[in-house]
Amino acid sequence: MIEATGLTKRYGDKLAVDNISFTIKPGQVTGFLGPNGAGKSTTMRMILGLDAPTAGRVTIDGRHFAELANPMREVGALLDAKAIHGGRSAYNHLWCLAQTNNLPRRRVDEVIDLVGLRTVARKRSKGFSLGMGQRLGIAAALLGDPKILMFDEPVNGLDPEGILWIRNLMKNLSAEGRTVFVSSHLMSEMENTADHLIVIGRGRIMADCTVSAFIEANSDLAVRVRTPEGVRLHQLAVARGARVRPGGDQTLHISGLGLDAIGDLAFDNGVRLHELAPMQASLEAAFMELTRDSIEFEAIAPTRTETR
Amino acid sequence: MTTLTMSLPPARGRAGLKGALGSEWTKILSVRSTIWSIVAMAGIAIGLNALINYFAIVRDWDRNPPDVQAAIQQNALEYIFSGPMSIAQFGVAVIGVLAISSEYATGMIRSTLQSQPRRGVVLAAKVLALGALMLVVGPVLTFGGFLVGKSIIADQVSISLSDEGVLRVVAGAGLYLTVLALFCLALGTLIRHTAGGLASVLGLILLISNLTGLLPGTWGKYVNAYMPTNAGSQILERYAIPNAALSPWQGLGVFAAETAVLLLAAWYLLRRRDV
């Protein structure tokens, strides 16, 4: 369990993380979602003791990271696949790390096989592709068979095969009862992997809930109706308190009224329906909605200079 | 995917200095820069040394007037040893600075501090691993260089480890290289950049330590003598210098003390800085 209370990080006059508190529960995948520059990486670095918080504290099972007896057995993290000396072979890199926590040498071989780097294990990691570097980083994270795993933007720049591999890995890790904490700026990624969401924008927590609760709370669940009698249905639905938007091509998007209620309404009033379907509100849309005001580097519209 | 929980035995004890030391030892020997620096040093200290001795002493020996021959005899150790050694120290500087600056340059430092977040332990392990390596490499270079040089000039000049001051210079040079490596490690920890660290070391040895020689008066003499590499390289002087501010062993001691202070500063900042 990771617990943060009042965690704050200031770089110069820039507040990267602003007094955030959260708990990451064991046995599930918690997604850490936010636009670029929202403070995700900074938060993860503070969890690992790489950056010292300006204020507040973050603990792992009640202890600061540096107090853990064998850190690699508690927390495995992939923050940055490039945190590797390129002149050292993958095997030696892992062996260097393994020794610090008194892990046996055969464990290095095990994680190499686990991530599928056997054929290049003795090659210098300088020549590794992004995907291979990512696998090596994950191998390092898994070395100590840790209870908690943290991944910072693990699918960034990976090909579809690599993305699938990481998704399955995270699911398997949490199925084994481990805590998985994964950051992303891609909502769609979270939809596929996370159980729980912590949304961060401009250093502040904007949501901390389950994925489905997040979608529900932040988007209108709408129903799509296609009917040749759009005007009538529109009036009927509005009379029942629903919100209706015309969707073009004889369709209406109705929210505030359930699927069954709309079907019954149409039947009772003899309105012919050609289509009646729920609209899956995407996490992406909900995320955009929520973080619209918190994007740090938003494109700014050119200033209008009006001359008269 | 298979399950992850495999043959890992339960943890015994706490991640500490022993594991960190093994890790640093593997690190230092598993990159090519270390090996190349050692090969370069050996090439200079033993190979180039032999070549210079041959041309400077052996080839033209018979053409030299007796007073020149006597001077060479007098300063034989200087010829075969001290000169090349002052060049070999740059190889040591590279190893020392890179031992930590390469971690900052590559980002490896973040992996290192994730596996062992107690930063003092990491720095201590680096000091011990680098020190141990140099305590082996240093004497091999200095004694190797001396013995090869001695045998090249053997027909013209005789010099032996048992001659006055010779053993102290040759053994002391190995210690000087060891302290220098640790000095550079501390500097690399403080500066965190390979180029910046190397430039500082070279600037100190080649420029600043010579410029302080121009300082006037008694205080100038002392400042110059206490400059780290000036103090340390006193150990390379075979004959006592009249009115010297520091004796050879005092000089090495001053250099070691200054290195210890610099390591303390490095330890303090390493603990405080974000990486």
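Visitor: Two strands pair if DSSP finds at least two bridges between them, so which residue in strand 2 of chain A is the bridge partner of A:Arg10?

Guide: The partner of A:Arg10 in strand 2 of chain A is A:Leu15, where strands (E, at least two residues) and helices (H or I, at least four) are DSSP runs numbered from the N terminus. The model is predicted, with pLDDT of at least 70 needed for local features and 80 or more for side-chain atom pairs, while totals for chains, interfaces and linings use all residues. Residues are numbered from 1 along each chain as its sequence is written, chains are lettered from A and ligands numbered from 1 in the order in which they are written, and side-chain values use heavy atoms, leaving out hydrogens and water.

Visitor: How many bridges are there between strand 1 and strand 2 of chain A, and in which sense do they pair?

Guide: There are seven bridges between strand 1 and strand 2 (residues 14-24) of chain A, and the pairing is antiparallel.

Visitor: What about the turn of that hairpin, what sits in there?

Guide: Two residues lie between strand 1 and strand 2 of chain A in the hairpin, and A:Gly12, in the turn, has a positive phi of about 60°.

Visitor: And strand 4 of chain A, how does it pair with strand 1?

Guide: Strand 4 (residues 55-60) of chain A pairs with strand 1 (residues 2-11) of chain A in the antiparallel sense, and five bridges join them. One residue pair to look for on your screen is A:Ala4, whose bridge partner in strand 4 of chain A is A:Val58.

Visitor: Switching topic, what is the strand order in the six-stranded sheet?

Guide: That open sheet of chain A has the order 5-6-7-3-8-9, and the pairing among its six strands is mixed.

Visitor: Which strands are at the edges?

Guide: Strand 5 (75-78) and strand 9 (204-210) of chain A are the edge strands, each of them pairing on one side only. From one strand to the next the twist averages 15°, with axes taken as lines fitted to C-alpha atoms, for helices over the stretch in contact, and angles running from 0 to 180 degrees between N-to-C directions.

Visitor: Strands 3 and 7 of chain A, parallel or antiparallel?

Guide: Strand 3 (residues 29-33) and strand 7 (residues 179-184) of chain A pair in the parallel sense, over five bridges.

Visitor: OK, and the four-stranded sheet, what order does that have?

Guide: The order is 11-12-10-13 in chain A, and this open sheet of four strands has antiparallel pairing. At its edges stand strand 11 (243-248) and strand 13 (275-279) of chain A, each with a single partner strand, so one side of each has no neighbour in the sheet. The twist here averages 25° from one strand to the next.

Visitor: Last one, over in chain B: at what angle do helix 4 and helix 7 pack?

Guide: Helix 4 and helix 7 (residues 166-191) of chain B pack at an angle of about 25°, and their axes are 7 Å apart.

Definitions and conventions
Two strands pair if DSSP finds at least two bridges between them.
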